[in-house]
Amino acid sequence: MSKLLRLILPLLLITFLSNAQPVPGEDENIPNLVTFGGDAETYWGDDNFCQIIFFAVPEGFNEPIYIRIFDPSTGGKNDEQQGEWNTRTRFSIYGGEGSCSNQDARDGNLDGDYDSGAMLDSKIFSDEAEYDLNWYTFGPYNPSEGEYLPDDGGYIFKVIVEGVSGDDGNLYRMYLSNAENTNHDVEGAFAYYFKYKFRLHDDVTQTSHIYPYINDPSTVYIKQSNFDWDNDGIILVRSVDRAGTTMIISKDDDWSHSNFKIREKEYHSSLDIRMVKNKNANIINNNVVIRLENQDGEGLKLYSVPIGGVPKYIPKPKHRSVKAQ
Ligand SMILES: [Ca+2]
Ligand SMILES: [Ca+2]
Ligand SMILES: [Ca+2]
């Protein structure tokens with residue numbers, strides 16, 4: 001994070017992050033996150049059966065916090081069935097030194113020290129009816145149990161979701177709350193992630209979004225990678241300085257990559273990465289993966305809300321050419 005962002009982040013948080021506690025975030029318009037059981041086929045849309053989400057609690061917030069999971073079980077209406085329901089998913093909460101600053105954790109894979117730090121809680125869910133379309137609450141946690149990373153937004157907690165076994169798709173959502181049994185916003189808190197796995201809407205008129213923030217001129221270009229997009233429409237980069245640059249999207253069970261250069265006016269603003277579905281293909285149950293990196297291979301944070309607000313593109317005025325008299 002640049003010094004400037006560190007200085008202005010508290011202001012941006014108060015101004016724009018009043019609704020930043022759900023994951024997926026409201027502005028993302030993504031129906032559900034998804035993690036498949038470890039025995040699933042990757043062509044159903046999950047490349048490695050895990051998901052890692054970080055929650056930031058601002059310094060100065062001293063009440064207990066809870067991390068709530070909607071539909072952590074796999075079975076019933078919200079989930080994707082393959083044969084019998086037989087999927088087990090482990091949700092684990094981490095805090096303490098090294099939990100969230102660790103590079104392996106930020107890579108979003110189950111490799112190396114991705115589970116660094118102190119495990120605060122862990123629970124395996126299967127097809128329990130009591131959690132179907134219902135919330136399970138982890139916590140309470142004292143905010144100071146998170147890892148103190150002021151450049152990342154305060155005290156940070158890591159949630160690791162692992163598809164332990166089985167082959168069904170577990171669809172779920174999360175919420176950082178300061179109440180045990182309801183979703184109540186922790187003012188100034190937000191979430192971020194470096195590799196994001198989710199379900200696109202079935203409704204072809206719905207556009208989903210992700211929001212990286214461009215800190216400073218150290219980001220020269222972005223390499224985007226996406227997995228198992230099934231050729232479902234287009235992905236567009238929109239910003240304060242561009243109406244829409246297209247990314248290359250993937251087919252079935254495959255990664256696609258493309259690069260785009262950051263423009264000077266895009267520094268200190270969010271990008272709006274828009275996922276527009278194919279209006280004619282009517283693809284349903286489309287699970288996808290996306291990750292953005294800078295030119296040095298470092299993952300970019302995708303924020304649960306756009307920092308500074310959704311970027312508004314202002315078209316350049318067109319000058320009429322007038323012949324000199
Ligand atoms: Ca199954
Ligand atoms: Ca579920
Ligand atoms: Ca897919």
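Student: Is Asp-71 buried or exposed?
Tutor: Asp-71 counts as buried, because it has 22 C-beta neighbours inside 10 Å. Buried means that 20 or more other C-beta atoms lie within 10 Å of a residue's own, exposed means 12 or fewer, and partly exposed is in between; C-beta atoms are placed from the backbone. Keep in mind that this is a predicted model, where local features need pLDDT of at least 70, side-chain atom pairs count only at pLDDT 80 or more, and totals for chains, interfaces and linings use all residues. Residues are numbered from 1 along each chain as its sequence is written, while chains are lettered from A and ligands numbered from 1 in the order in which they are written.

Student: And where does Asp-71 lie?
Tutor: In the loop between β4 (65–70) and β5 (88–95). Strands (E, at least two residues) and helices (H or I, at least four) are DSSP runs, numbered from the N terminus.

Student: What is phi of Asp-71 near?
Tutor: Phi there is near 60 degrees, a positive value in a residue other than glycine. Phe-49 also has a positive phi, near 60 degrees.

Student: Where is the place of Phe-49, then?
Tutor: Phe-49 sits in the loop between β2 and β3 (50–57). Phe-49 is buried, because 24 other C-beta atoms lie within 10 Å.

Student: New topic: which residues does a cis peptide bond join?
Tutor: One such bond joins Val-23 and Pro-24, with omega about 0 degrees. Pro-24 is in the loop between β1 (22–23) and β2 (32–36). Another cis bond links Gly-139 and Pro-140, with omega about 10 degrees.

Student: Where is the place of Pro-140?
Tutor: Pro-140 is in strand β7, residues 135–141.
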